[in-house]
Structure formats: C-alpha cells, structure tokens
Amino acid sequence: MSRAVEEAGGKTSVNPWENPAAEPFIRIENLRKTFDGFPAVDGVSLDIYQGELFAILGGSGCGKSTLLRLLAGFENPTAGKVVIDGVDMAGRPPYERPTNMMFQSYAVFPHYTVADNVAYGLKKEGLGKAEVKDRVAELLELVQLQDFARRKPRQLSGGQQQRVALARALAKRPKVLLLDEPLAALDRNLRERTQFELMNIQDRLGITFIVVTHDQEEAMTLATRIAVMDAGRFVQVGTPTEIYEYPNSRFVADFFGAINLFEGRADASDPSRIICAETGVVIHADPLAGQTLPDVLFVAVRPEKIRLSREAPAGEGVTVMHGTVEDLAYYGNHSLYRVRTDQGKLVQVSSQNTHRSAELALEWNEPIHLSWPRDCSVVLTE
Amino acid sequence: MMGRGPSVALQRPERLWRRTVAGVPYLWLLVFFLAPFAIVLRISFADPLIGQPPFTPLYDEAQGIQLTADNYRFLTEDDLYWVSYLKSMRIAAVATLLCLLIGYPMAYGIARARAVWRNVLLLLVILPFWTSFLLRVYAWMGMLSGQGVVNKALLALGLVDQPVQILYTDLAVYLGIVYTYLPFMILPLYATLERLDGELLDAAADLGGRPRQAFLDITLPLSAPGVVAGSMLVFIPALGEFVIPSLLGGLDTLMIGRTLYDEFFVNRDWPLASAVASVLVLILVLPIVVFQRFSQLDREAAR
C-alpha cells in the first residue's frame, strides 16, 4: 500500500516499512524449522523496524510460537537466518541475545521473591548491588508492584504474576521484547487494561515488541503491523487496517472477524462486474490493478459495510440484493441481522444503533434490500 | 422431604465406610507397631533372667513394680554401643550421600529423556526388585569374593597382582547399601525433576543464565523436596540395616543392627537388646520428624 506515503507527502514521519531507505532492525530471512521432517516454520522472511509493536497472528499449530522461540534462541533454525540490529544471531544461545521474552505461562521463578525475579537478569549481567536495587525499584514502579517486592509469586494473582514477568523481561533493557500470548490468561477487564499498559510501556521505552497471539482483536488493537501465519508461512503482512479492509485471501478475511463471501466469476467484458454464482446478482467491485482473475473467485464484504433498506436503493456501482430477515440480535451499541436472500444465500449485516430508536425497526421475516457500494467489495482470488 | 430423605439415609453408612477405610491402617499400625514397641520398651526396663521369658516380670507379688534403667546406663558405659550407633550413622550418611551423587544425575537424565525412553529407564531402575533382596546380596558375596568376577577383572587388567580383600570390609557394605537403596533415591528425585517446568529454565537462559548457572539457580533448589525425600528413604533403612553388614561386612563393621542381633540371639540379653532398639527408634524418629516438616513446607509451598 502506498496510500500512507502519499498522505504523508513531504513529511519525514513516514512509517518505516513504507520507506525503502529505512534500515530494518530485525531481519528474518527464509527462516525454516522442521521437527522430525515436519516444517513448523516454513520459509519465513520479514523485516521489523525499531520501535514497532509487531504481532504474529495465527491459530494453534501455525508455527507462531516456534518462530518466537527461534528469535529468542531456544530453537536453532534448520535453515535461514535472523539478524538483530545488524548482528547475525546464528549459533547464539538465548543468554547471548539482545532479546528477552515474556512467557505465556509467565515462568516466574516460584522460589524467588518478586524483587529477586526481576533482579535475576541484572545479577547475571554482573551489575553492582546498588544498581540492581535501583533498577528493580524502578521496574516494580513501572508495573505498579512496588508494594509486592518481598512477596513470593504464589501470593500474587495471575495478573500480578504477569506484571512480574513483564518487569523481569524488561529489566535488562532488551533491544527486542518477545511476548507469547501476553493477554491470553487474563479476564476481560484486565485484558483491556493490560493491553493499554503494554502499549504505554512500549511507547515510553521505545523497545521493539514482537507479540505472538491467536486473538485477532488483540493483534489489531496492539500492533503497528500484523503478520498472519498459517501452516508455517506468512499469509499476509500489513497494518491492522490493511489486513481488515484488504485481506488478500479467504483465510485472512475469515480469520479477522465476520465476513460474507460470495463465490462468482468476472464478466468477460467488464472485470468490475462479478456475477455471483449463488445468487446470480451482479456484484460491483474493483479488482486490484494487476490482479489476474481466475474462473472462480470470491467477493468478500464485511457485515458493517452492508446497508439495509426497505426501498430499493439505486446508484452507480451499488450492489443490491433482496431477501428476508431471518434472525436479528440486539447488542446495544449495534445490531446483527442475518438476511436470507431470495436465492437462499445467508448474509450477515451489522449496523450501528446511532439513534435510540432505530430508523429501521426491523422485524423477523420482513422483506428487505441489501446494498453496498463498489469499494466495499474485496475481490479474493485465493 | 422426598428429595432429602435418601441422601440423609445414605450419609450414615457412607461416613461409617470412610471411618473404616481411614481407621484400618491406623489399627494395623496400632496392633503391629505401637503394641510391639510398647512391649520392647517395657522389656528394656527389666532385668535379664535365665528362664522363660528371659527377663523379670513387670509386677512381682514380693517386690511390687520392677523397673530399672540399668540397661540404658549400660549403653552409655560400654563403648561398643556408641561405636555401633556412630558407625551406623556414618555408614548410613555416607551411603545416602553416595546415593544422592549417583542418583541425581540418573534421575535428571531420565527426566530429560524422550517420553518413550522414560518408562523403559524407570523400569530398569525398578528391575532389581524383581529378584529377592537376599539373593542379590548373596550375588554380591560371590562377585566380591577372592575368586569373584571383581577380583578376576582386576587381575586380568593387571591392576593388582593378587586378589584384594573386598568382601567383609566396609567397602563391601557401602557397595551393598548404595546398590540396594539407589532406586529409593532415584524415584522421588525423578518425580520432582520431571514435574519441573521447562519454561523456568528457558526463562533463566533468556535472562542470561548459562546452563550451569540455571541448574544451580533453578533446578537444584526446586528439586530440594526430592532430595530430602530420597535421602530419608535411604538413610532411615540404611541406619538399621542388618542383612548387608552381616553378610558383606567384616567383624569390625559394627552396625547397630548387628549389635542388636547379637544381644538378642547370642547373648540372649533381651532387656539390653530392647534398650538398644528403643534408642535406635529414637534416632530414627528424629529424621522422620524433620522429613515430615519438610514435606509439610513443600505442600504449603505448592498451595
């Protein structure tokens, strides 16, 4: 995507990944890791820039945790290399890498106090007693655990243990902080708070964060960029907006929230007219420049992009379908509708309840028109 | 009412059943441990007699209740007993240490082995128990004797010119005890090491701990409960060991078990032998109490 560069114009604050002159801070080249011949990480290449909060997103078994362990040095790659800040990490054990990790299980040392946990890395670095003490106090303040310094981990809640793990991982001021599912074990309220705390800390310290997660919401809210991983490979790398609005495959589209997929084929004379195989309706879309269109393709439309109306909408490039409301759910801030088109295709629609009384007080089984503009159709060939 | 009726009716037999299940082992200990010990304790305060039984009765029509501390006094007067106790403790302690030094790496290796190998290796540790303990000690006698495989191997290798005396020495006793009790050290150690969260070691390495330091900082302290349990399981039976020192040891291997045996069956001085046994129980109870305290701390730590 080159839009951001155009918008930024002559300003220098261009996102580094859009600036061809920027030096990547972490360079992953063709990284491969096989276990008993099975590739867990299958030829992954990626540039991450200083100060990024990069998320690696994927389902369980997609290889994201192995990738993180390769970066930390717990595993040796079968092929390929990792370069951090200009230094090739090949053959370097974890204790000689400028990375630190926050483990999913927190891996807090149970026989050490909170302060000793945080101090561990500093002591191994050979820092003096007074300096260790100051740094530990500083870190405990950062994660708001100053009153818990003398406690043992078993006397802490899960959220507090996680903050110990975070402080411990930040103690050595690593160049890169690796976070394995940092929010997975927290309840909903704590998740949101911790999420913002993490972003704040990242902002203040300027450390590059790499977060591994299976939660698309977590990835979207936290990250500057996301790599979506499947079967050991990156399926798509981009900003949260790019990935949500311009998924490059059905897999990514499906992974990121709800989406409607329409199978179809492009009109031979006009590729912006896609004839839907299931409904016969002409869907208006803008295939990306240079996109070669196969015989069978898919049009993806997010539920919130679809408008519901009683009157048939008209307009250039507007796709219109007709159906009946089969199901509706009221969520307060928004409502979800499932509409069965006359041809039998089920379409999900969500609409914001911007007024107290919805303009359309829709009922079950009510006939309704669905419509969306051309630029909301995403053409997927994979 | 209808809903509650059956559960109330069920509760009483259930409670009774629970009490029975919990009570039987206690009854067992009461009948077969506490009662005999009370008898031994009572004999230890009697005087020896030539007769049946070979000690004075607790109550006599003429003299009333007869209790004497002579036997205990005698234990302090004759060096033999102190030497035996101390030697037993030394042998048990050294054997425990040897078991720990040999058993720790073995338990560590098994815990770190691939899952498919672990059970095989554990089976190999337990395998000796499939043969009678006594037979295995006899086998050691054969192996350690002048014409045994050990001496033959030493001669063949040219390490010695003539057979060395191994059997009937302290060395043979150590060999026997370490060999016999090693599995009791390995199993609890394995249990704690196997439970150890591997991510803690990853975390230590990640924070700059080299493998040796990570072992000393994380693995060793966290396996302390296993070390304590294994050491107790070796030390306690080794202290009172009778078969190994009598079959493999020399005349100077004065372990308390043998002294006890001699008092009972050779000298037929039951009261003195009972005093020796009572003191031995005291010495044994101490480490058991320590062990209980440790495992209690461990349970609290796990909470």
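## A strand pair in chain A

Let's start with one spot: Thr99(A) sits opposite Val176(A), which belongs to strand 7 of chain A. This is a predicted model, where local features need pLDDT of at least 70, side-chain atom pairs count only at pLDDT 80 or more, and totals for chains, interfaces and linings use all residues. Residues are numbered from 1 along each chain as its sequence is written, while chains are lettered from A and ligands numbered from 1 in the order in which they are written.

Strand 7 (residues 176-180) of chain A runs parallel to strand 6 of chain A, and four bridges join the two. Strands count as paired if DSSP finds at least two bridges between them. Helices (H or I, at least four residues) and strands (E, at least two) are DSSP runs, numbered from the N terminus.

Zooming out, chain A has an open sheet of six strands with mixed pairing, in the order 6-7-8-3-9-10. Strand 6 (99-102) and strand 10 (233-238) of chain A each have a single partner strand, so one side of each has no neighbour in the sheet. On average, neighbouring strands here are turned by 20° against each other, direction ignored. Axes are lines fitted to C-alpha atoms, for helices over the stretch in contact, and angles run from 0 to 180 degrees between N-to-C directions.

## Where chain B meets chain A

The contact draws on 19 residues of chain A and 16 of chain B; two residues touch if their C-beta atoms, placed from the backbone, lie within 7 Å. On the chain B side, helix 8 (198-206) and helix 9 (211-222) each supply at least two residues. Helix 8 of chain B gives the largest share of that side, six residues.
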